[in-house]
Amino acid sequence: MSGPLHGEVALVTGASRGIGKGIALVLAEQGACVYVTGRTVKEGDYYLPGTVGGTAAECDARGRESGGSGIAVACDHNDDQAVAELFEQIEREQGRLDILVNSATQLSDDLLEPKPFFEKPLSNLEMWDVGMRSYYVCSWHAARMMAKQKSGLIVMISGYTGVTYTYGVLFSATKSTVDRIARDMAIELEPYDVATISLWQGLTLTEKARDNLAKMADKMTNSVAGQKGSSVEHPGRVIAALAQDPAIMDRSGGTYITAEIGDEYGVTDIDGSRIESAREKRGGPLWGPIRENNYHGR
């Protein structure tokens with residue numbers, strides 16, 4: 001028995017835990033061979049549980065009936081050489097790449113501290129290095145593979161922060177830029193039938209989010225702390241549906257609210273609940289699909 005994504009090769013970055021892990025598990029469960037990257041190799045290396053090898057093992061277990069599997073690759077996405085070697089490995093072992101999910105994000109330790117940007121260190125630019133620049137680097141490598149095969153889907157994990165102030169200047173600017181990168185890549189990748197989209201996550205109940213809510217909910221913005229929150233697997237379910245959509249190119253270049261796309265495909269969370277959009281409270285995306293807006297300018 002094989003799943004609907006059997007034979008597909010996916011890469012999910014930042015999948016030791018959190019959203020990346022949830023997405024990787026769903027794609028493997030649907031039958032994909034999933035490369036999972038992360039910096040945590042053994043338990044205890046990070047203050048929260050989860051390792052890249054552990055996620056890959058869970059992918060194997062979840063994909064047992066569908067033909068899905070997980071392959072762990074320890075990778076620092078701030079290291080361009082390591083990233084190049086990652087894609088060389090995928091090319092060598094699989095000869096193709098069908099889905100890239102850019103999820104790896106570096107969050108500064110003082111992210112929730114209510115200080116203005118000029119009272120925080122310039123080292124916080126690490127959020128641009130792994131969260132914006134790293135998305136571009138991975139997309140660059142993936143596009144070179146996908147353009148040759150004339151197919152593929154690149155997904156950016158973003159958020160309402162693209163239009164709504166959240167946690168400070170750098171965090172909001174990172175997500176806004178990611179949305180625009182997806183938009184403009186779509187124009188240049190359209191001739192190769194490669195789709196790029198950006199997905200806005202609301203509150204996702206990752207290990208870090210649960211830890212923050214328990215320790216410092218008062219420092220989190222009301223628009224975030226007041227949300228019900230989704231499981232880490234809900235965005236994976238939405239991405240799996242997108243990957244199976246034969247008309248995915250009609251969505252290319254757009255920024256979408258994950259909850260709303262879930263409604264369109266009839267996707268629910270792991271407990272069967274519907275995830276609600278926060279559009280009314282937090283705003284809507286700026287960028288629609290390039291075909292819908294008839295924008296093909298250079």
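Predicted model: local features only at pLDDT ≥ 70, side-chain atom pairs only at ≥ 80, totals over all residues.
Serine 134 is buried, with a relative accessible area of 3%, and its place is in helix α4, which spans residues 126-149. Leaving aside neighbours within four places in sequence, serine 134 is in contact with His77, Asn102, Ala104, Trp128 and Asp129.

**A buried glycine in a loop**

- Glycine 31 is found in the loop between α1 (18-29) and β2 (33-38), and with a relative accessible area of 1% glycine 31 is buried, because buried means under 20%.
- Once residues up to four places away in sequence are set aside, glycine 31 touches Gly3, Leu5, His6, Gly7, Ser66, Gly67 and Gly68.
- One of these contacts, serine 66, is 35 residues from glycine 31 in sequence, while the two C-alpha atoms are 4.7 Å apart in space.

**A mostly covered helix**

- Helix α8 (residues 234-243) is mostly covered, with 8 of its 10 residues buried.
- The buried residues of α8 are His234, Pro235, Gly236, Val238, Ile239, Ala240, Ala241 and Leu242.
- The elements that cover these buried residues of α8 include α1, β4 (99-102), β5, β6 and α9 (258-265).

**Aromatic rings**

- The structure holds 3 aromatic pairs, among them that of phenylalanine 117 and phenylalanine 118, whose ring centres are 5.5 Å apart and whose planes stand at 85°, so that this pair is edge-to-face.
- Both partners of that pair are exposed, since phenylalanine 117 has 58% relative accessibility and phenylalanine 118 has a relative accessible area of 60%, where exposed means over 50%.
- Another aromatic pair, formed by tyrosine 160 and tryptophan 200, is tilted, with 5.4 Å from centre to centre and 55° between the planes.
- This second pair links distant parts of the chain, 40 residues apart, with tyrosine 160 in the loop between β5 (152-159) and α5 (169-189) and tryptophan 200 in strand β6 (residues 194-201).
- Tyrosine 160 and tryptophan 200 are both buried.
- A charged group also meets a ring, in that arginine 251 lies over the face of tyrosine 256, at 5.6 Å from the ring centre.

**The cavity**

- The count comes to 1 cavity of 30 Å³ or more, and the largest cavity holds about 40 Å³ of space.
- The lining of the largest cavity consists of Gly162, Val163, Ser176, Asp179, Trp200, Pro285, Leu286 and Trp287, and these lining residues divide into 5 nonpolar, 2 polar and 1 charged.
- Trp200 is thus named among the lining residues of the largest cavity, and tryptophan 200 is also the partner of tyrosine 160 in the tilted aromatic pair.

- Tyrosine 167 has a phi near 65°, a positive value in a residue other than glycine, and tyrosine 167 lies in the loop between β5 and α5.
- At 16% relative accessibility, tyrosine 167 counts as buried, because the cut-off for buried is under 20%.
- Aspartate 193 has a phi near 55°, again a positive value in a residue other than glycine, and aspartate 193 is found in the loop between α5 and β6.
- With a relative accessible area of 40%, aspartate 193 is partly exposed, since this value falls between the limits of 20% and 50%.

Methods:
Residues numbered from 1 in each chain as written. Heavy atoms only, no water. 1 Å grid on protein atoms, 1.4 Å probe; cavity = no way out; pocket = protein on both sides within 12 Å on 5 of 7 lines; lining within 4 Å. Points joined across faces, edges and corners; volume = space filled by probe spheres on them. Nonpolar A, V, L, I, M, F, W, Y, C, P; charged D, E, K, R; others polar. Phe/Tyr/Trp six-rings, centres within 6.5 Å; stacked < 30°, edge-to-face > 60°. Buried < 20%, exposed > 50% of the residue type's maximum accessible area, 1.4 Å probe, protein only. Helix = DSSP H or I, 4+ residues; strand = E, 2+ residues; numbered from the N terminus. Lys NZ or Arg CZ within 6 Å of the ring centre and 35° of its normal. Contact = heavy atoms within 4.5 Å.
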